[in-house]
Amino acid sequence: MRERRRKLSLAGRVAAWSALAVVLAAAVAAVAGALGLPPWAAALAGVLPALPLAAWGVGRLLAPLQRAIRGVSDGIRSFHDRDFSVRLTSSRDDELGDLVRLYNRVGEVLQEERQAIRQRELLLATALERSPVAILLLNSLERVLYANLEARQLLLGGGRLEGLSFAEIRDGCPEAMQEVLASGAPDGLFTVTHGEAVETYHLSRRSFQLNYRRHTLILLRRLTGELGRQEAEIWKKVIRIISHELNNSLAPVSSLVHSAQMIAADPRHAHRAEEVFAGIRERLDHLQRFIEGYARFARLPQPRKEEVAWGPFLEKVPEFPVRLAVPLPSAPGWFDPAQMQQVLVNLLKNAVEAGNGAAEVGLRIEASRDGGAVLQVSDRGRGMDEETLRQALLPFYTTKPGGSGLGLPLCREIVEAHGGKLSLQSRPGEGTVVTCWLPGR
C-alpha cells in the first residue's frame with residue numbers, strides 16, 4: 001500500500017521560498033564582496049536579484065489560495081440561492097485542499113438533506129391533498145396560503161382558494177357555517193345542507209408562529225358517517241338498557257302475579273292481596289315512567305308554526321339569570337311556540353348548569369337576512385373539549401351524573417323539524433355558545 005505523501009503547509013512553502021531568496025541574496029552579496037565591491041554595493045547586488053525571485057515565488061504560491069477563495073465564495077453564493085450542486089476540484093494536499101474537500105462535503109450533505117426534505121414535502125402534500133378533512137392555512141392577514149382538494153370542493157366548488165381573503169370565502173358559505181367560521185372559537189359543530197343531503201361538520205381552529213409570523217390552521221371534518229356509526233352503537237346500547245329494565249320489572253311482576261294466584265286459591269291469605277297489587281302497581285308505574293322518558297324523544301310531533309311576537313314569547317319562559325345581548329327583533333318569528341320554549345328552556349338550563357348556577361348566561365335573538373331568526377345562548381362555564389363536542393348532539397350521550405343525554409339532541413330535532421339548523425361552539429375554560437337558525441315564513 002503506497003504511503004500518502006507528507007503534506008507541506010502553505011505557510012511552510014512560503015517560508016521555504018523566502019529562505020531560498022535570502023540565501024540567494026547572501027550568496028550574491030558574498031561574491032560581490034569578494035570582487036572588491038563596497039559593503040553597501042555588495043548588499044544591494046544581493047538584494048536586487050533576490051527581490052523579484054521572492055515576489056515571483058510568493059505570487060505563484062498564493063495564486064491557488066486566491067482561486068480557492070473565489071471558488072468557495074461562488075459556492076457559498078450558490079448555497080444562499082438554494083443551489084447545492086456546485087463542487088470544486090483540487091488535488092492539493094495542504095490547507096487549501098482540506099478547505100475544498102470540506103466545502104464539497106458540506107455541499108453533499110446539504111443536497112442530500114434538501115432531497116430528503118423534498119421527498120417528505122411531496123409525501124406530506126400528497127397526504128394533505130387527498131385528506132378527507134378540509135384544510136386551510138391562513139397567514140397573518142387572513143389570506144389563504146394553502147387549501148387542499150376537500151377545502152376547495154367544500155368552500156368554492158373546486159375553485160382555487162390560494163390568495164383569497166378568508167372573509168370573502170366565509171361570506172359565500174351557508175349561514176350556519178358562516179356563524180361558526182366567524183366566531184373565532186377553536187372548536188365548533190354545525191350542520192349544513194348539500195342538495196338533499198344533510199352533513200354535520202366539526203371545526204377545529206388553531207394558531208401558531210411560523211417564521212415569526214402568526215398563522216392559522218382551520219380543519220373542517222365531515223362527521224356525518226362517524227355520527228351515524230356512533231348513533232347505531234348508541235341505539236344498540238339503548239335497546240340493551242330497555243331490555244334490562246323490562247326484565248327487571250317483569251320478573252317481579254311475574255312473581256307477584258303468581259302470589260296473587262296462590263292468594264285467590266286460598267282465602268286465608270286474602271289480607272295480602274292489597275300488598276301484592278300495590279307491588280304490581282309500583283313496578284308498572286316505574287316501567288311507564290322509564291318508557292315515557294325515552295318515548296318522548298321518538299314521538300316528537302310536527303311543529304305547528306305560527307306568527308310569534310318575541311316579547312310575549314319570552315315572558316312564558318321560566319325565569320333564568322339571563323342577560324339580553326341585543327334588543328329583541330321588531331319582526332315576529334315563525335315557529336311552534338311550545339316546542340321552541342322547550343328548546344330555550346333546555347339551552348338555558350344547560351347554560352346555568354355549565355357554570356354551576358353562577359355563570360353569566362347570555363341570550364341573543366336577531367332577525368336573519370332571509371327573514372328568519374337567530375337564537376343564541378352562551379355561558380361562561382367550563383366549555384367542552386373536542387371529544388365531548390363531537391358527541392354532544394348524539395342521543396343519550398351525557399357527561400352529567402344522572403343525565404338522560406336527550407336535551408341537546410331534542411333541541412336539534414325540534415330546530416331541524418322547523419327547517420332550521422343548530423350549531424355548537426366551545427372554548428375549554430371559557431364557555432359554550434349554542435346557535436339556532438330558524439327560517440322565515
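Two residues are in contact when heavy atoms lie within 4.5 Å. By that rule, and skipping residues up to four places away in sequence, Leu344 touches Phe313, Leu314, Val317, Leu363, Leu375 and Val377. The model is a predicted one, where local features need pLDDT of at least 70, side-chain atom pairs count only at pLDDT 80 or more, and totals for chains, interfaces and linings use all residues. Residues are numbered from 1 along each chain as its sequence is written, and side-chain values use heavy atoms, with hydrogens and water left out.

Leu344 also turns up in the largest nonpolar core, a set of 35 residues in which Leu344, Leu375 and Leu424 touch the most other members. Such a core is made of buried Ala, Val, Leu, Ile, Met, Phe, Trp, Tyr and Cys residues joined through side-chain atoms within 4.5 Å; buried means under 20% relative accessible area, exposed over 50%, and partly exposed in between, with a 1.4 Å probe and protein chains only. Helix 10 hands over the largest share of this core, seven residues (helices are DSSP runs of H or I with at least four residues, strands are E runs of at least two, numbered from the N terminus).

Now for the rings. Trp310, Phe313 and Phe335 are linked into a cluster by ring pairs (centres within 6.5 Å; planes under 30 degrees apart are stacked, over 60 edge-to-face, the rest tilted, using the six-membered ring of Trp). Trp310 and Phe335 sit 5.2 Å apart centre to centre with planes at 40 degrees, so that pair is tilted. Phe313 and Phe335 are edge-to-face, with 5.2 Å between centres and 75 degrees between planes. Phe313 is in helix 9 and Phe335 in strand 8, so their pair ties together parts 22 residues apart in sequence.
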